[in-house]
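Please examine the sequence and the three-dimensional structure shown below.

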Amino acid sequence: MSKKINLPWNSLGLIGVLIVLVLFFSLMSDYFFSTVTFRTLVNQIPALTVIAVGMTYVLLVAGIDLSVGSVMALSAAVVGVLIVDFNLPVVIAIVAGLFVGLSFGVASGFVSAHWKIPSFVVTLGVLEIARGGAYLVTSSETKYIGDPIAFIGSPVPGIGVSAALIMAVAVVIFAQWLLSKTVFGRYMIAIGTNEEAVRLAGINPVKWKVAVFAIAGLLAGLGGVFQLGYLQSADPNAGIGLELSAIAAVVIGGTSLSGGRGSVVNSFFGVLIIAVMQTGLAQLGVSESSKRIITGLVIIAAVLFDQYREPLAKKLNRIA
Amino acid sequence: MGLKQLLTRAGFLITLGLLSACDSGTPAANQEATTSSEDKPARVALVMKSLANEFFINMANGAETHQKDNADKYELIVNGIRNESDLAQQVSLIEQMMATQVDVIVVAPADSKSILPVAKRAIDQGITVINIDNKFDQELMAKMGVSIPFVGPDNRAGARKIGEYLAQQLTAGDQVAIIGGIPGAFNAQQRQAGFEDAMTAADINVVSIQAADWEQAKAATIAAAILSENPELKAILAANDSMALGAVAAVRQAGRSDDVLVVGFDNISAAQDMVKNGSMLATAEQYGDQLAVFGIEYALQILESGQSPEDKNTPVDLVTQESLQ
Amino acid sequence: MQNSASTLLSVHDLDKTFAVPVLKQLNFELKRGEIHALMGSNGAGKSTLCNIIAGVHQATAGSMQFLGNDYRPENVNAAETSGVRMVMQELNLFPTLSIAENLCFKHLGNKFGVIDKQRLNQKAEALLTLVGLDDLSPDTPMAELGVGKQQLIEIASVISEPTQLLIVDEPTAALTDPQIDLLFNELNRLKESGVGIIYISHRMDEIQRIADRVSILRDGQLVATENIADIDVDTIVNLMAGSVDESAKTITKNNNTGTHPVAFTVNQFTRAPAFNDISFDVKSGEVLGIGGLIGSGRTELLRAMFGADVASSGFLSFANDNFQQKVTPKTPIDGIKAGIGLVVEDRKSQGLLLQGSLLSNISLSILPKLTRFFGVTNNSQEHELAMDIAKRLAIKYDDIYAPISQLSGGNQQKALIARWLLKDLPILLFDEPSRGVDARAKALIHDLIREQAALGKAVVVVSSETQELMTVSDRILVLSNGRLAGEFDPETLTEEQLLEASFRYYSASNQ
């Protein structure tokens, strides 16, 4: 037996769901199956994408981060205020915003891992703190930035997709690589599987868990920057309920809520599924009530589908 | 297993199909219309704020009824956002409508500044954009070099009307409190300013101004706090009816229904009942169910005539116990 | 064995097999109105027998009669319906509920599920008086009580139900002397009323005080039942001991470990109440066995030496700095830095990543060494290393990437050992290394342990199996009730000596 080749069969179920959705919406609407629609669609997802990447890591170590939406809003608010009110260069403002996200992640991770407080509780607290912070720095007003930040969210000439999307996809690829090819990735899976065993193997799980939350915080900050580029304004109310969308995307991607199993790439597919749903239903002009019901059903259906994915993947691997 | 999977997939498709069949026949109508006729009707997208809020639901329903009566003139796609403050989703919706190449976008912006860039892009794409409900920021519009006509009520004047009616029941020097909407929103600022205008004019003392983000529960909490803080309080002015309902609940719980008057804005049905039974003093009717229709009609008018767009005021009327009789 | 009118329960030819036979053709008889002590060394089958009587487990073969009728409880409920109840060694209480709610938990509400608090409290007060805790308010939350009082309340809650046969397993461990007196009074009262009581304990003096008869189990069989008046402590120990298979000692050992240099010393190591003031040293190239009863503090001692738990006082010192530095490991990382590896007792919950692959389980502790740059794992090197050690330890697997949960207990254990061997530490601690492992794997593991000693490592093995201790050890220490109770040479050690030492500090007179 030689090295095992990892075929992407375990993404197959998700790709199947995506294709079904795209086919369905293409049949239902004249305008859905078009470059413009897809370009619009993918330019909307960078923030959710990077936040879902962070959430994947957190769920992998059997934690949860409810604060990502608020931290995103706060980071964006800090960037916005620094540009508008303090006239700082955009790059410096962005670095400051990312630093804010990182700090909140480190704080959540440290408090929950070091003092062994469930991350649910800690990040619930941070959710409120960061939201309050966002109101504080913006004086509860939307900060309009305009052109200085627009380059992040605007389509790159000749490609049609935004710089934010390109960066988000790069983050997905890098994060997947980190997960499957490095010691850090292996430790995350091990900690999510059996933290006590990891500790007794002479590895300090606290350190690694803090790192995971730090990454989630940093990516929430990056999501804030992407959001800024997209909206060209810092909205203190941005990202309310975003943590649930991120968790939904990650869970659709087959990451286990109890830790130890997950894939960044599949979380990205989860994000795409959610985005296709939203775009398709909006283009059809489906009523708000039906939208909610359908979205809920698709989340459950995709997760059910995931239950059958593993046996299917095995079967296909045998054939291959 | 294969069968199970097939069933899952089939069930999933059927569910989707059924659910969308429950909705209005717009999509099907779209297809027929766009493929058959040369002189095709205009395609109008209505982008609302939260469609969980009765005010916007009424507006959307009004628009849909109007469209049915004028099916030869235009088609309509209605979308709303999850909660009042989800700017990103509203931007997404406008982009998606741009992708479907509509002729008109009538938008009730969730924020008076942040939605402007995307609206500008829509205009650049040749789409007629009409602003309803919440007015875009004038300064920023000027800076960006766009002009988007606002069709809607003068919130400040409307709020002032309510305030003046309230002032008649009070005496100079009385204490009142104002519960505002989301601080950044233009109509929130306008209504608050209108309330303040009326109170200043009548020499009434505004002891507290707080934002409850248009939400009933938040307003109830804030009103309760204001009430216990100000035992002499005589009235609460809420910038919308949802918040007024919250304030009424807080007043009732504080046992001060006889002493504290509550006014709202929007004339939603629950508030109407309250005004009838005296729990609320007054609210304002801005013909919300017709606001979108006003916007659509104006847009169609512009499309036809090509005239340069200007703002257009729609009526705001006071609703009191007498007016309801 | 004859059934007389006084017989409450009789057990005939009972067999029970888990992975290996635990009870073999066991016979036992309990009379009405007697307190019957059960004794035996670790793994003799006391707990298994009681679990079968109480309906926790079911026998593989054999029969039981209770009150003259066939008795084969399918579960605990069925046993309790018949009037057979067991006080568990672990407390089955709800710490957040009040005493009254705990005592009446099975009959909390009326038929509508509504709780009549007054009725509960009255009932609870009566029960509290029974166990001498009438000064406690029934409203007190359970969590506010000490372990001893909780134990008494647990007993009260069991005997509050109609009972004909009561099993108590080491009930006095956490009790003070007056509390023990109260408990014994209550047991005697139950006895007078005709209840048959099975009393499991390691404490000889208590058994002599309370029991009417004693049965001694060895290797899953009854070896004797005697009136307590007719038997002395030495005889009991002799009966428990049996004989040791001499072939066990034929395994190759380093004969002259006595001259080997000391690798590390343990000094006044204490983590109360688990173990107290333990001092010993371990030489390079020797296997030091640690025996004693389950719960005597052996696992806790190893964990504290490794840093999994922290010793409250005492220290380790090591040969590499001439025993200068006093080391008290605070975390496993400290332990490893000091050169110590621990193969844990509970491999499923503390050792393995059960959903993880065999590969990832083996390589877990050496991953940072298997990197190319920036923490990127060198998968081919990892694979090679894991394959290599899996082959060396004869781990059987189909797919090194498949979850380790699919492997047998023996292979899982070998994988865990492999993890530590790859780490190549000079000191290895093994806690029950062959638990739940078949005979062939056990022999392999023993060879492996000896091999590590032969390589010059200092090895400590905790085991509850005398046979195993004798087989692998160059020296044997015995812990009794958290204290060191002797050091023995396995060549000359008899099981009587071992048992005598194991039981030594459980008697009040020796404390």
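The bridge partner of Gln65(C) is Asp70(C), which lies in strand 5 of chain C. Strands here are DSSP runs of E with at least two residues, helices are runs of H or I with at least four residues, and both are numbered from the N terminus. The model is predicted: local features need pLDDT of at least 70, side-chain atom pairs count only at pLDDT 80 or more, and totals for chains, interfaces and linings use all residues. Residues are numbered from 1 along each chain as its sequence is written, chains are lettered from A and ligands numbered from 1 in the order in which they are written, and side-chain values use heavy atoms, with hydrogens and water left out.

Strand 5 of chain C runs antiparallel to strand 4 (residues 61-66) of chain C, and two bridges join them; strands count as paired if DSSP finds at least two bridges between them. Both belong to an open sheet of four strands in chain C, ordered 2-1-4-5 with antiparallel pairing. Its edges are strand 2 (21-31) and strand 5 (69-70), each of which pairs on one side only. In general, strands of a sheet pair through backbone hydrogen bonds, either parallel or antiparallel.

A parallel pairing is found between strand 6 (residues 84-87) and strand 7 (residues 165-169) of chain C, joined by four bridges. Here Val87(C) stands opposite Val168(C) of strand 7. Strand 6 is covered on both faces: Val84(C) and Met86(C) on one side, and Arg85(C) and Val87(C) on the other, are all buried, that is, under 20% relative accessible area with a 1.4 Å probe and protein chains only.

Turning to the chains, two pairs are in contact, and chains A and B share the most contacts, contact meaning heavy atoms within 4.5 Å. Between these chains, the axes of helix 13 (residues 264-284) of chain A and helix 4 (residues 87-99) of chain B come within 10 Å and cross at roughly 60°; axes are lines fitted to C-alpha atoms over the stretch in contact, and angles run from 0 to 180 degrees between N-to-C directions. Gln278(A), Thr279(A), Ala282(A) and Gln283(A) meet Leu93(B), Gln96(B), Met97(B) and Ala99(B) there.

Chain C contributes 35 residues and chain A 22 residues to their contact. These two chains bury about 2300 Å² between them, 61% of it on carbon and sulfur atoms; buried area is the accessible area (1.4 Å probe) lost on being put together, summed over both parts. Chains B and C do not touch, and their nearest C-alpha atoms are 22 Å apart.

Note on methods:
Buried means under 20% relative accessible area, exposed over 50%, partly exposed in between (1.4 Å probe, protein chains only).
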